[in-house]
Amino acid sequence: MKFKLKSNYKPAGDQGQAIESLVSGLKKGEKNQVLLGVTGSGKTFTVANIIEKTQLPTLIISHNKTLGAQLYQEFKQYFPENGVGYFVSYYDYYQPEAYMPSSDTYIAKEVDINDLIDKLRLEASSNMFSRKDNIIVASVSCIYNIGDPTEYGSYVIEFKSGQIWERKVLLERLVDLYYARSEVDFKRGTFRVRGEMVEIWPAYKDTIVVLEFRDLGEGKEELLRVSERDMYKGKENPLSGFLLYPAKQYVSGGRNHKEVFAKIKKDLSERVKLYESQGRLLEANRIEQRVGYDLEMLSEMGYVNGIENYSIYFDNRKVGDPPYTLVDYFNHVYGDQWLCVIDESHVTIPQIGGMHKGDRARKETLIDFGFRLPASFDNRPLRFDEFEERAKNRLYLSATPADWEIEKSKGRIIEQLIRPTGLIDPPISVRPSHGQIPDLLSEIKKRKKKKERVLVNTLTKRMAEDLSSFLADEKNTGEKIKVTYLHADVDTLERTEILEGLRRGDYDVLVGINLLREGLDLPEVSLVAILDAGMAGFLRSRSSLIQIMGRAARHVDGEVILYTDGRSKGLQEAIGEVERRREIQTAYNRKHGITPESIKKALRPKLIEKEEVIKEEKVDAKELTPEGRKKYVSKLRKKMREAANDLEFEKAAKIRDEIQKVLKIR
């Protein structure tokens with residue numbers, strides 16, 4: 001199946017030249033390219049056109065799984081006939097295994113796996129082997145160990161009518177692929193037997209596979225028919241055949257377990273001797289018990305929680321060898337004929353680079369104190385150099401690409417500065433800090449009369465809260481101004497609700513520390529005011545300032561006011577870049593007779609309407625009996641899964657935090 005872009009839109013502004021230049025670069029063998037696209041210029045649509053024109057399977061990496069979900073939905077709309085996958089961390093809640101020597105506290109790995117996201121991950125993985133037209137939107141979890149793609153791709157069962165099976169062998173094969181038999185609780189990842197029929201619910205599909213057999217005697221059966229049935233609607237479609245992939249991402253069935261166990265026992269013995277030689281008998285006993293238990297589980301069940309910590313043995317890798325990741329799946333299936341798109345690269349690239357060190361630091365303590373074998377070091381994310389080596393054709397998307405991306409692309413930067421709506425970057429005025437609050441108040445009142453919104457950016461939480469209190473007091477302002485603040489101490493779900501409230505008109509002004517959050521889409525904002533704009537530092541760097549100022553770029557009357565008594569290098573560069581873009585955009589509009597129009601975007605459904613249900617049921621958990629708290633936690637867990645199923649990850653995170661508070665009550 002070829003990639004077919006379905007859209008009512010045609011490339012507009014400078015999308016056409018960006019598409020042509022980037023496609024040309026890929027055909028010429030350019031391995032690193034940058035698309036510098038301003039906010040609202042349609043970078044996603046540009047990428048969709050590149051995929052169609054090059055016919056390259058594509059991995060799109062986002063730094064944020066909520067934004068990743070938006071990209072996934074967009075690409076599914078653009079390519080309804082192709083394989084669009086979503087591959088992010090499948091945990092609603094994840095507490096990694098850890099040990100704190102100072103307080104002798106061991107924290108066991110605790111997870112709450114989201115069934116839908118697990119299904120989407122497995123669907124993306126199986127699609128890699130069952131079709132060639134794949135676009136996968138992933139978070140940085142795509143650089144974490146998921147097992148050998150060769151093993152996963154070969155560890156399948158093919159069903160075709162006319163096959164001869166032994167019932168016992170068939171059921172054993174299903175168990176080998178980690179499918180569990182369940183006659184009552186039939187769900188994804190299970191199978192059941194109904195007389196001459198075997199029904200399997202693939203872990204990566206919303207439909208079940210029905211196998212109809214005819215008894216041939218002597219324990220043999222002929223597979224007469226393979227069909228697919230909608231579990232809820234009952235509609236059944238015949239299939240010419242079906243390939244069943246494993247129910248888990250990491251499979252270990254292809255290796256000789258006796259050989260693997262021998263290697264693990266050898267390393268265990270060496271570790272125990274080391275601890276004993278150091279007089280650390282507690283650690284020696286601890287590692288012996290833990291690994292012994294894991295080996296028993298592997299021997300009996302073929303799987304154990306934490307099996308990934310033994311991946312180096314099952315993958316037959318050497319110490320220090322990189323793990324197998326989703327990136328390796330692309331290389332295994334497509335060689336180097338695929339495209340890696342890194343969204344918001346100025347944020348995503350540092351995130352990819354930082355994963356390995358953080359993972360290693362946590363495991364060093366676990367290994368040193370006898371909780372894990374040194375082999376667990378090799379269950380890790382890729383180092384950045386390993387990622388570079390594997391993802392050969394890279395396209396960096398950002399309104400503010402960092403120096404690294406620019407240097408890597410050897411200055412090959414394709415600019416997409418013209419918005420289809422004709423909007424230009426907001427004009428900038430620099431005003432003195434002396435008298436800034438009265439001046440700001442005057443500007444806020446102007447916007448309030450026109451029912452427009454204002455963002456005010458400060459440097460500290462204290463300043464954000466104090467300014468909010470000042471603006472909310474009618475004695476100071478002379479009229480009622482609806483204002484609130486936003487910073488890191490505000491719960492994640494509440495942040496989203498505050499932003500939705502600003503759009504709805506619940507607030508006139510939003511004061512915050514760092515409002516440069518990529519993906520922040522507020523068309524009603526016509527003024528961005530930045531206090532202490534001339535200070536040096538991360539929050540006032542060139543990139544940060546451009547991102548913050550871009551929040552006013554979706555309104556036709558958008559404006560930016562910078563309050564400062566001095567001009568840092570970052571400030572001067574940011575102003576210079578925005579002015580450069582304005583000149584290009586204005587000249588284009590003049591040449592083509594375009595009148596800029598504000599972006600019109602409907603409000604998403606309010607999260608607060610669903611959250612109110614939780615608030616109504618919320619009680620003082622301290623007043624509940626232990627059994628009552630258990631039931632309350634069960635209700636909250638259900639709501640958390642429902643929120644995650646709707647891809648409302650921030651809401652799920654807030655409910656998760658509430659669960660953790662209740663669980664700590666003694």
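Contact here means heavy atoms within 4.5 Å. The model is predicted: local features need pLDDT of at least 70, side-chain atom pairs count only at pLDDT 80 or more, and totals for chains, interfaces and linings use all residues. Residues are numbered from 1 along each chain as its sequence is written, and side-chain values use heavy atoms, leaving out hydrogens and water.

**View A. Arg-380 in the loop between H11 and H12.** Arg-380 lies between helix H11 (345–368) and helix H12 (384–390). Helices are DSSP runs (H or I, at least four residues), numbered from the N terminus. Arg-380 is buried, with a relative accessible area of 5%. Buried means under 20%, exposed over 50%, and partly exposed in between (1.4 Å probe, protein chains only). Leaving aside residues up to four places away in sequence, Arg-380 touches Ile-143, Tyr-144, Asn-145, Gly-320, Asp-321, Pro-322, Pro-323, His-356, Asp-359, Lys-363 and Glu-386.

**View B. Packing of H1 on H2.** Helix H1 (residues 15–27) packs on helix H2 (residues 43–54) at about 45°, axes 9 Å apart. Axes are lines fitted to C-alpha atoms, for helices over the stretch in contact; angles run from 0 to 180 degrees between N-to-C directions. H1 and H2 are therefore oblique to each other. Angles under 35 degrees count as roughly parallel, over 145 as roughly antiparallel, 65 to 115 as roughly perpendicular, and the rest as oblique. From H1, Gln-15, Ala-18, Ile-19, Leu-22, Val-23 and Leu-26 meet Phe-45, Thr-46, Asn-49, Ile-50, Lys-53 and Thr-54 of H2. By class, this contact of H1 with H2 has seven nonpolar, four polar and one charged residues.

**View C. Packing of H18 on H19.** Helix H18 (residues 542–549) and helix H19 (residues 569–592) pack at about 45°, with axes 8 Å apart. That makes H18 oblique to H19. H18 supplies Arg-542, Leu-545, Ile-546 and Met-549; these meet Gly-570, Leu-571, Glu-573, Ala-574, Glu-577, Val-578 and Arg-581 in H19.

**View D. Asp-620 in the loop between H20 and H21.** Asp-620 sits between helix H20 (607–617) and helix H21 (626–645). Asp-620 is partly exposed, at 45% relative accessible area. Asp-506 is 114 residues from Asp-620 in sequence and 29 Å away in space, C-alpha to C-alpha.

How values were computed
Helices (H or I, at least four residues) and strands (E, at least two) are DSSP runs, numbered from the N terminus. Ala, Val, Leu, Ile, Met, Phe, Trp, Tyr, Cys and Pro count as nonpolar, Asp, Glu, Lys and Arg as charged, and the others, Gly among them, as polar.
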